[in-house]
Amino acid sequence: MDTELQLADPQVTADLRNFITRARAADDGAVRLQAVGSVLAAYVCILRPRILGEGTPTVLGLRTMPLASPAEVDATVQLSAVGDRLARMGSAETLLQVPPMTVRETWAGILPPRSGWEPAGRVPVQLLEQTAHRGIREVAAMLPQSPGAAVVHSARSGVWAQPMGGTAVPVPAGAAFAALSLGFLPGDGPDAGGAEAALFSNGRWLRLSTARGHVLTRLPAVL
């Protein structure tokens, strides 16, 4: 197992730094880094059930990026540890040290399949943006002052587990939230007009893909 990753160029370093920063803002947990050959896959978790049997979907974000040198890495580490290392790297640096201390996360042990995905339609980016912003307002309206972690989780689960509507197959609204919060939607950029995300299914898994990244959703058994 390698202990360092040679990212392809400074732009890849900047992209990974931005991805980790956005993921920390949504849920400052862990990231699973998987490098196979010259490709790095970085998984983060945006939403997950807290207890077995809970009707909350598991929603993951995935960015893949090229490496300058082949590597073999599979480690789940704190987002903060990766973020700190990226913050210390200069603008032209590309060598990332993999944090030595790993963590255990239930979501990291159930990653989506790599093959077997079937097309399930396309979703307008505008619909994803509207769903995410509406859900953010709904969650904020449900929270009292100084809510505890359990209250926040209950409010988020109640909103983000609901199907967003307007799709060929039911997609939890949390997928739209993940796409927005991780920067996978074009927003007001030059590629925004009429943009769509591709939707795929594979058993209990759904995948929303844009040019900027992938949102992977594992539906709860009770949905």
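Biologist: What makes 48% of the 223 residues of the protein chain count as buried?

Modeller: Buried means under 20% relative accessible area, with exposed over 50% and partly exposed in between (1.4 Å probe, protein chains only). Of the 223 residues, 48% count as buried. Bear in mind that this is a predicted model, where local features need pLDDT of at least 70, side-chain atom pairs count only at pLDDT 80 or more, and totals for chains, interfaces and linings use all residues. Residues are numbered from 1 along each chain as its sequence is written, and side-chain values use heavy atoms, with hydrogens and water left out.

Biologist: What makes the link between the side chains of Gln34 and Asp74 a polar contact?

Modeller: A polar contact is a pair of N or O atoms within 3.5 Å; within protein, one must be able to donate a hydrogen and the other to accept it, and residues adjacent in sequence count only if both atoms are side-chain atoms. The Gln34 and Asp74 side chains are joined at 3.3 Å.

Biologist: Which residues does Gln34 touch, not counting those up to four places away in sequence?

Modeller: Contact means heavy atoms within 4.5 Å. Among the residues Gln34 touches are Val73, Leu111 and Arg114.

Biologist: How do you know whether the radius of gyration agrees with a compact globule?

Modeller: The radius is taken over C-alpha atoms, and the globule rule is 2.2 Å times the number of residues to the power 0.38. For 223 residues a compact globule would be near 17 Å, and the protein chain has 17 Å, so the value agrees.
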